[in-house]
Amino acid sequence: MHIVIGVLTALAGLIWAIVALQRAGIDLNALNPFLWHRRALWKKKHGEKPIYTLGSPMEVAALMLLGIAKCEGEISAQQKKAIIGIFENEFHLSRDEAADLMLASAHLLRNEIYLVDHLDRILAKSVADFSAGQSASLLQLMQKVAGIEGPVNAEQGKLIQALEDYFTRRGSAQGKWA
């Protein structure tokens, strides 16, 4: 009988200590290895910047076209119109879908200043899906957008050259725009 009373007292003391620690602000779930592993996987999957998680060649192409226009500073109405026209004609999107893609790309680019430094990370998840035709088409479209308001400036030339070098280094698989 005295053993049962000792076990019950120890169990009550343990529960009291756990409750007191929780009231003091100590999270005991941090000691759970399974919960820690799930949190680590979630953080790895969803903790990086959205610009680095683009998996579709069309999304990356839209981002690059808007990025090449932003190399000169703010985007003009003429550049916006031309880029939306490219989205409609080359990517076979409706007017609303093209405007949505433009808005999404602008949102992703709002905090990015210099795309050349992060080109590897931006293209990492989608480069395998680019076909040779798509990469050539993207470079051609970037030249077209860069030349809308005058000759290609140095920053635009660096971005185009860096993207061309990246595609030649990495190669491409097969895929289509639409």
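The structure is a predicted model, in which local features need pLDDT of at least 70 and side-chain atom pairs count only at pLDDT 80 or more, while totals for chains, interfaces and linings use all residues. Residues are numbered from 1 along each chain as its sequence is written, and side-chain values use heavy atoms, with hydrogens and water left out.

## The nonpolar core

A nonpolar core is understood here as a set of buried Ala, Val, Leu, Ile, Met, Phe, Trp, Tyr and Cys residues joined through side-chain atoms within 4.5 Å. Buried stands for under 20% relative accessible area, exposed for over 50%, and partly exposed for values in between, with a 1.4 Å probe and protein chains only. The largest nonpolar core has 41 residues, of which M64, L65, F87, F91, L138, M142 and L163 touch the most other members. At least two residues of this core come from each of the helices α3 (57–70), α4 (77–90), α5 (95–109), α6 (119–123), α7 (132–146) and α8 (154–170), and α3 gives the most, with 10 residues. The helix names rest on DSSP runs numbered from the N terminus, where helices are H or I with at least four residues and strands are E with at least two.

## Aromatic rings

Rings of Phe, Tyr and Trp (its six-membered ring) count as a pair if their centres lie within 6.5 Å, and the pair is stacked if the planes are under 30 degrees apart, edge-to-face if they are over 60, and tilted otherwise. By this rule there are three aromatic pairs. In one of them, the ring centres of F87 and F91 are 5.5 Å apart and the planes meet at 15°, so this pair is stacked. F87 is buried, because its relative accessibility is 0%, and F91 is also buried, at 1%.

Another pair, Y166 and F167, is edge-to-face, with 6.4 Å from centre to centre and 65° between the planes. Y166 counts as buried at 3% relative accessibility, as does F167, whose relative accessible area is 5%. Y166 and F167 form one aromatic cluster together with F130.

A ring can also have a charge over it, which requires NZ of Lys or CZ of Arg to be within 6 Å of the ring centre and within 35 degrees of the ring normal. R121 lies in this way over the face of Y52, at 3.9 Å from the ring centre.

## Salt bridges

A salt bridge is a side-chain nitrogen of Lys or Arg within 4 Å of a carboxyl oxygen of Asp or Glu, and by this rule the count is five. Among them are the following.

| Salt bridge | Closest N and O atoms |
|---|---|
| E48 and K125 | 3.0 Å |
| E112 and K49 | 2.7 Å |
| R169 and D120 | 3.4 Å |

E48 is partly exposed at 28% relative accessible area, and K125 is partly exposed at 46%.

E112 forms its salt bridge with K49, and this pair links the loop between α5 and α6, where E112 lies, to the loop between α2 and α3, where K49 lies, 63 residues apart. E112 counts as buried at 11% relative accessibility, while K49 counts as partly exposed at 39%.

In the salt bridge of R169 with D120, R169 lies in helix α8 and D120 in helix α6, so the pair ties together parts that are 49 residues apart in sequence. R169 is exposed, with a relative accessible area of 56%, and D120 is partly exposed at 45%.

## Helix α1 and the surface

V4, L8, L11, L14, I15, I18 and V19 form a nonpolar patch on the surface, with about 590 Å² of accessible area together. Such patches are made of residues with over 30% relative accessible area and no salt bridge, like charges being joined within 9 Å and nonpolar side chains (Val, Leu, Ile, Met, Phe, Trp, Tyr) within 5 Å. The accessible areas come from the Shrake-Rupley method with a 1.4 Å probe, and for residues only the protein chains shown count as cover.

I15 is in helix α1 (residues 2–23) and is partly exposed, with a relative accessible area of 49%. I18 is also in helix α1 and counts as partly exposed at 34%. I18 and A82 are 64 residues apart in sequence and 64 Å apart in space, C-alpha to C-alpha.
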